[in-house]
Structures are given as structure tokens and as C-alpha cells.
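Biologist: I have a model open and want to go through the ligand site. Can you take my questions as they come?

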Amino acid sequence: MASRSISRLAQWCSRIFMVEINQKTEPIYFALSSKPSALSPELDALFGSGKLFSVCAQCDGRVQSARSHAHLKRALAEKLPPGCDLLDAAFFLPDVKNSFVRGLFVRDNSALYSAERVVNQLRQNGSVASVLAYTRGNSGDCACSIVSDEPAERKRRYYVTPVPVPLRHPATLNIINSDVFYRLEDACKVLQECNDVIPESKAVLELVEEQKLESVSNHAKRFPVIVIEGLDATGKTTLTCSLQKALGAVLLKSPPQCLGDFRQRFDAEPPLIRRAFYALGNYITAAQIARESAHAPVITDRYWHSTAAYAIATAVSGREENLPAVGSEIYEWPSDLLRPSLVLLLSVNPEERQRRLANRGLDKTEEESQLEINHLFRCKVEEAYKRIQNPACIIVDASPSPDHVLQEVLCLIKNKCNL
Ligand SMILES: Nc1ncnc2c1ncn2[C@@H]1O[C@H](COP(=O)(O)OP(=O)(O)OP(=O)(O)O)[C@@H](O)[C@H]1O
Ligand SMILES: Nc1ccn([C@H]2C[C@H](O)[C@@H](COP(=O)(O)O)O2)c(=O)n1
């Protein structure tokens, strides 16, 4: 028993812990060490005077782990009593790709300190794989032990030690093939792994198969393919409809219409599954582009820039500076996805965008609401759009009137695509 205890805690000791109080403040970093150490002011504030636990739902398989984490977060948010805080946490090895594991911290200042009971219930029903409990020492240190039914496991102690902020934001370690996909087969694999738990995955994969996607990357385009990108309510629908008429073009969308019935289902899933779904949508749209561009110019409302920019901005918490650096491989276009002739990014100032959203008065998706309340997220999405390469996007000021924007875009298309 004792050796199992040592190895389980030792596994955690090799990792750095990142705790986020909220997206606006800097995350707090620490490691576990065998020697007691004085806490930094940030750690001191994190541990406060209540009880603290870190929980992690990681299990075998990435699909199951992603879904278990989402389930655990929902269950804790529902069951924890008033006075408890639920904080996003992650555990990682600095600069080691795919070492980033999501977890949560529970800070308990409730009247009866009942978070432990809730966490234990979830541990016993198998929703939590690991629970660590933190105890303040009298000499300004903080000890950590495993919460377990086995006395030998509970006995082993490690100590919280402050560590420097890593150079790269830890979430960037896992983006490739977890948040952004660069090959059709990698996105397909995720949905294949979901077959048992999300029956709709099979139908989506069948639609992908039907499009005979192998031929897409080799397809010689005859007419230009123009992609219109931008945050919600920047005028994509308005402009793409006008362009369709003005150019006698075919108008396509990503995700394509045939995935419409599945979108809500996959939007409710964790990022791994949700982003793989949107990635597959791009490949289906690519097949449609390949067919249609043989006969007429093609205008596409959203494509890979949207999929990558939203995924990166969601994965990387906090400020714009946390995004992968300019020139990172993360911003490279997938080698097997049809490249458009021109990508235009519509950009409007935040006040104008708010005005348009308010005038439109439609139901907002969760992500749209997040854009409204989360200025940081909006900046990150727009910055990620701008960092994507091969093809990079051209920014269009979409704040003027619809006709003005249309004329400017027609001018750009004429110059860049000879249309
Ligand atoms: N150039 C413009 N000037 C003023 N209002 C505009 C302009 N373009 C679009 N709008 C208005 O802004 C609102 C959002 O436009 P639209 O639906 O075209 O944006 P969108 O980018 O397609 O949004 P979403 O991605 O959320 O579907 C609409 O009410 C539309 O009439
Ligand atoms: N090609 C695409 C299109 C859309 N998405 C995601 C990104 C946002 O979460 C949301 C925005 O779509 P809208 O509300 O404008 O229909 O959908 C994507 O990932 N890839």
C-alpha cells in the first residue's frame, strides 16, 4: 500500500499546478516538494483561512477524460454549498507537449465546511480520480496529502512550493490535436472514439465519408474562393449575401448545412469533441468548394480561420499575451485542407458591434454572450485570426455602411483575384 501511495503522490510532485482565480488575474503556479517552504503572498491568498482541495477527473482515454472533467465541474457547481469557490486548475510539465491536464480547486469557506463531504461523495461514485487536500502549517507552510480510504495513502505528506511563471502558457502545450486539428484523419479519430457515448458521431463521419474528401486537396480550382471571417455581428451574413449577388457566386458556409442538426449536440460537448466536429465541417465545406468552384466563384461564410481562432482563444485563458507566439506552428493551415484564394477578416469597433448585436435582438449563443461580457476573449479571437498563416487574412474595416463595405471588398477581390 505504502509504495502505491508514494508513487501516486510522486506523480503529482513531478508536475506544476496552475490555479486560475478568474480569467482577468494572472494564474498562480506552484509545485509539490518534500521540503516545507514559505508561501508566496499569492499562494497565501489562495489558501486563505478555509479548507482547500484539488480534484482531477482524468481517466483512461482522452474522450472519457474530457467528458469526465466537464461532468465533474457541473456536479461540483451544483452540489457545493454557498461559501465555496470552484477554481479552474491545470497540472503540467513545463514545455512537455500534451502534458497539460485539467482539474479544479475547491476552496471551502462554507458554514459547516461541507465541501469535503461533497468531494468524497464524488470520489466514491467514481467521478473524481484524485483528490489532494491542503493543510496550513503553523510556520507559514502548506502540506498536501492524498484523500483516500487507505490509511497508508493518507499518511504521506508533500509541501506546496512557489515556482516561477513558465515561459509558455501551459494550455498551448496541448492545442495540437486537442483544440485544433491539422489533418482530416486526426479529427475523424476523435469522433470515432466518441462512437459509444455520442451516437451522432457515426452519422457525422458518414457525411464526411460521402463527400469523397480524398480528392479535395488535389483539386485544381478554376474560379476564386473567397472566405469572409469575423467575430459575430461583424456583418458576414450581410456581406456574403451581397457578394453572392454582385459576383454571381455560389454561397457556402462552414459548418455546412448538412451538419445543422448535429451542431447543438456537439456544442454541448467539451472542446476536444466540439472542435473536432467543426474541423470536420470544414472538410465537408472544402469538398463543396471543390465542386462549386469549377463552375462559379465561391463565397464562404467562415472556414478554418474561425475554427482555429475560437479554439485557440478558448483554450488559452487570460490575456492576449498568453496566446502562442506569432509564427507558431499552431497557426499553420492544415496541409490537406483546400486553401481559399482570399480570406477577408471583417473588423468593427466594439461599440458598433454591441450596437449591431442589440439591434439584431436574436438569441445569443453561449460563445456570443461570452464575447459580450469578455473583452479579453474577443481580443484573443481577433488576434488569433490575424496570426493564422498560409493564407493569412486581410483585415477590412466593416464599421461603415453595408454598401461602403461591399464596394471596398469588391475592389479588393478585383485586385487580388482578377474578378
Ligand atoms: N455595414 C453595416 N453597417 C451597419 N449595420 C450592419 C452592417 N452590416 C451588418 N449590419 C447589421 O448588423 C447585424 C449583424 O450583421 P450580420 O448578421 O450580417 O453579422 P454576422 O457577422 O453574420 O453575425 P453572426 O456571425 O452572428 O451570424 C445585422 O442586424 C445587420 O443588419
Ligand atoms: N468554421 C467554423 C464556424 C464556426 N465555428 C464556431 C466558433 C464559434 O464558437 C461559433 C460561431 O459560429 P456562429 O455563431 O457565427 O454561427 O462556431 C467554428 O469553430 N468553425
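Biologist: How far is a polar side-chain atom of Thr-237 from an oxygen atom of ligand 1?

Modeller: 2.5 Å, a polar contact if you use N or O pairs within 3.5 Å. This is a predicted model, where local features need pLDDT of at least 70, side-chain atom pairs count only at pLDDT 80 or more, and totals for chains, interfaces and linings use all residues. Residues are numbered from 1 along each chain as written, ligands are numbered from 1 in written order, and side-chain values use heavy atoms, without hydrogens and water.

Biologist: Which oxygen contact does Ala-233 make with ligand 1?

Modeller: A backbone N or O atom of Ala-233 is 2.9 Å from an oxygen of ligand 1. Thr-238 uses a polar side-chain atom, at 2.6 Å from a ligand oxygen. The protein covers 76% of the 630 Å² of accessible area that ligand 1 has on its own (Shrake-Rupley, 1.4 Å probe).

Biologist: How many residues surround ligand 1?

Modeller: 18, with Lys-236 and Pro-400 among the closest; the cut-off is a heavy atom within 4 Å.

Biologist: Which helix gives the most to that shell?

Modeller: Helix 12, with four residues; helices here are DSSP runs (H or I, at least four residues).

Biologist: Switching topic: which residues of helix 12 are buried?

Modeller: Glu-352, Arg-353, Arg-356 and Leu-357, buried being under 20% relative accessible area and exposed over 50%. They span an arc of only 135° around the axis, so they sit on the same side of helix 12; the arc uses directions from the helix axis to the C-beta atoms.

Biologist: And what is exposed on the other side of helix 12?

Modeller: Glu-351, Ala-358 and Asn-359.

Terms used
A polar contact is a pair of N or O atoms within 3.5 Å; within protein, one must be able to donate a hydrogen and the other to accept it, and residues adjacent in sequence count only if both atoms are side-chain atoms. Helices (H or I, at least four residues) and strands (E, at least two) are DSSP runs, numbered from the N terminus. Buried means under 20% relative accessible area, exposed over 50%, partly exposed in between (1.4 Å probe, protein chains only).
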